[in-house]
Amino acid sequence: MTNFISTGSTYWISDEEIQILEKNATNGDKNSAFKLYQYHMFVSIDQDLEFKWLEIAAKNGHPIAQSNLADLFFTQGNKEEAKKFLRKLKKSGKKCP
C-alpha cells in the first residue's frame, strides 16, 4: 500500500518557527519572508498573509519573489508594479529558475 503525502506538507512549519521567521523577515531577511509566503500559499491558504510576505521578500531582493510578484501584478492588470519588480530583478543580475 502506498502512502500519499500532500506536497503542501512540504511547506508546513511550526508555530514556534513562524514566530522566528516573522521576526527575521520583519528585520529584512528575504529568505524568511519567502518561506512564510510559501507557508501561507500552500498550507494556511491565507491570501492576505501570502501577499504580505511575498511583497516583503521581493522588496528585500528575493529573485523568485520578485518574479512571482511581478507575475501577480501583471495578472491583476497592474503593469507598472509588475515592471517595477522585473526591473529590480534585472538590476540584481540574478536569474529565476
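Predicted model: local features only at pLDDT ≥ 70, side-chain atom pairs only at ≥ 80, totals over all residues.
View 1. Residues are numbered from 1 along each chain as its sequence is written, and side-chain values use heavy atoms, with hydrogens and water left out. Tyr11, at 27%, is partly exposed too. There are four aromatic pairs in the structure (Phe, Tyr or Trp rings, six-membered ring for Trp, with centres within 6.5 Å; planes under 30 degrees apart are stacked, over 60 edge-to-face, the rest tilted). One of them is Tyr11 with Phe42, stacked at 4.5 Å centre to centre and 20° between the planes. Tyr11 sits in the segment before helix H1 (15–26) and Phe42 in helix H2, 31 residues apart.

**View 2. Phe73 against Phe85.** These two rings stack as well, 6.1 Å centre to centre with 20° between the planes. The pair ties helix H4 (residues 63–75) to helix H5 (residues 79–92); helices here are DSSP runs (H or I, at least four residues), numbered from the N terminus. Phe73 is buried at 7% relative accessibility, and Phe85 is buried at 0%. Ring pairs also bring in Phe51, making a cluster of Phe51, Phe73 and Phe85.

**View 3. H2 packing on H3.** Helix H2 (residues 30–42) meets helix H3 (residues 47–59) at about 155°, axes 8 Å apart (lines fitted to C-alpha atoms over the stretch in contact; angles run from 0 to 180 degrees between N-to-C directions). That makes H2 and H3 roughly antiparallel (over 145 degrees).

Terms used. Helix = DSSP H or I, 4+ residues; strand = E, 2+ residues; numbered from the N terminus. Parallel < 35°, antiparallel > 145°, perpendicular 65-115°, else oblique. Buried < 20%, exposed > 50% of the residue type's maximum accessible area, 1.4 Å probe, protein only.
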